Amino acid sequence: MAELISTIQDPQALISLAVLILAVVLFISNALAPELTGLLSVSLLMATGVLRPEEALSGFGSPALITLLGLFPVSAALFKSGALDRLRALIASERIRSPRRLIALMAFVIAPVSGVVPNTPVVASLLPVIENWCHRRGLSPSRVLLPLSFSTVLGGTLTLLGSSVNLLVSDISQQLGHGSLELFSFTLISIPVWLAGATYLVLAPRALLPDRGTNGDDLAIRPERSSYCTEVTIPEDSELVGRSLHNSRLQRRFDVDVLELQRGGERILPPLADRSLQAGDHLLLRVTRQDLLRLQQDHTIQLTTQGANVGFSLENGNGGGQKTVEVLLPAGSTLAGASLRELRFRQRHNATVLALRRGQETVQERLGQVVLREGDVLLLQAPLDSIRGLQANNDLLVMDRLEDDLPTVRRKPIAISIAASMLLLPTLTPVPLVASVLLATVAVVASGCLRPGELQRSIRLDVILLLGSLTSFSVALQKTGLADALASGLEQGLQGWPSYGSLVVIFIGTTLVTQVMSNAASVALLAPVAVQLAPSLELPPTAMLITVLFGASQSFLTPVGYQTNLMVFAPGRYRFLDVTRYGSGLTLIMTLLVPALILWRYGPS
């Protein structure tokens, strides 16, 4: 502590610490998108003279970031060519008849795929297949969706390409003078970690996974019957005018629950069965997706979106290039915290929000006034061109597959061959990984697996901006001496501890920090400090970096700890503590196993 106090007497160290604290607050509060927080931090470090522009911006030209930039189109080509079709067919086959078999398939077959391609599109591609599998067998999706997310997280550490966090650690390692990581630098550690985690997923007691389909609630069993909340208006010429809900055909024809009636400024709550309806009444409904689409074709009501009445007909519901799709607000979405009306959503995206789904929670506000949250699922209707635009939008994740985006099967062997060559070239030859990835990027476009426009849309600019800016933290912490001072304080606290115990503390500390910040931010803040502890633990710096890498990647405790956890949260109708309960055992296994493997791999002979 004395060394830290002495260090921050230097103005540049004090400024760096202030910027660091500001960034942590912004990362935790989500007041700004993570990439904007990163850009703000790197700008402040340059503006205050702490870092020269070439130091602050060195991350944007790093081989790790260029590798990631090239990996996005290669992954997109794999998915567009239908490289996962065999997995999708295997899930849908009659050989997978029980949840335990399906979980085993996820843990031992699907997980390794995430070692090569990002796990977010893997989950997005397989999610509807698994939901349909549950529907056919009358099982709750909550029994299998969390294992899907956890499996892809486990697989993400099998190779350097499995996660953007892996590449960030490689970049930080190079920035600190320890050299970049190789494609399989930590595979000897990650294989036992993956196998242990996969075994846990298969053998974990079924009681740890909730069954949201019990108590006669078939909304949790059938994916197409998941509850959406929407708003309708009774028009002047509707046959419902003057009738009660009980005597109307609204509830006889459609499977809907009327949650609230709004008449003028008055809110009328259930029971509403005997209440006569009037022209201009607003009804808040809980309805299935199938019935909501049928409601569009019914002339007795009008869907009300974002505060305006919009009438739909069969022609504009299914023709004219219009599509109805589900989109998810992922973690870090800048749309969270604002209402549809405030966002001017329809004008901004040329898409109409038909309804909203929020896990098991019933939303009892007018649709345009609902404040969006991370994990919300919106049912949108929009032209195909607008939906393709949403696919390139980092604030929304399109959950449905468009017809024009279906696999080009005849190019599947080409895409798979290119990806395999991308992995083998740096492994068997002196060709650097970044060169191999860029060659693969050119190859997928030249071979027609991906169009040039699709290449541009596949690149996640938010991830590039975030990772490029975060490396400035490690440079500033090293340059100002803050990393040494913080490591000295941590070393004093761990004095007398064995190396294994110290690694456990670093691992679990990183894991807990990752639950409230992005894993990339956790790595950028903690990696430089952990490296300074290496001499006292008689370990190489790489061992400390890999400890932080696994701590930030193995995120199984909260829905917001990892993007894929949030993706399955609403479809599985999970509650917050469901993730904690199921993931605690896995986190405990990782906490005990990862430090032991690191000592085995890097410890004194």
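In this predicted model, the charged end of Arg 601 sits over the ring of Tyr 602. The distance from that charged end to the ring centre is 5.1 Å.

Rings also meet other rings here. A pair of aromatic rings is described by the distance of the centres and the angle of the planes. Centres must lie within 6.5 Å for rings to pair. By this rule there are 4 aromatic pairs. Two of them, including their geometry, are set out below.

| Pair | Centre distance | Plane angle | Type |
|---|---|---|---|
| Phe 150 and Tyr 582 | 5.5 Å | 15° | stacked |
| Phe 186 and Phe 550 | 6.2 Å | 85° | edge-to-face |

Why is the pair of Phe 150 and Tyr 582 stacked? Planes under 30 degrees apart count as stacked, and these planes are at 15°. Phe 150 belongs to helix 9 (residues 145–155), while Tyr 582 belongs to helix 28 (residues 576–602). The pair therefore ties together parts that are 432 residues apart in sequence. Phe 150 is buried, at 0% relative accessible area. Tyr 582 is buried too, at 1%.

Now the pair of Phe 186 and Phe 550. Edge-to-face calls for planes over 60 degrees apart, and the planes here are at 85°. Phe 186 lies in the loop between helix 10 (164–175) and helix 11 (187–203). Phe 550 lies in helix 26 (residues 541–553), so this pair ties together parts that are 364 residues apart in sequence. Phe 186 is buried, with 0% relative accessibility. Phe 550 is likewise buried, at 0%.

Which residues form one aromatic cluster? They are Phe 150, Tyr 200, Phe 556 and Tyr 582.

Methods:
Residues are numbered from 1 along each chain as its sequence is written. This is a predicted model: local features need pLDDT of at least 70, side-chain atom pairs count only at pLDDT 80 or more; totals for chains, interfaces and linings use all residues. Side-chain values use heavy atoms; hydrogens and water are left out. Rings of Phe, Tyr and Trp (its six-membered ring) pair if their centres lie within 6.5 Å; planes under 30 degrees apart count as stacked, over 60 as edge-to-face and the rest as tilted. Helices (H or I, at least four residues) and strands (E, at least two) are DSSP runs, numbered from the N terminus. Buried means under 20% relative accessible area, exposed over 50%, partly exposed in between (1.4 Å probe, protein chains only). A charge sits over a ring if NZ of Lys or CZ of Arg is within 6 Å of the ring centre and within 35 degrees of the ring normal.
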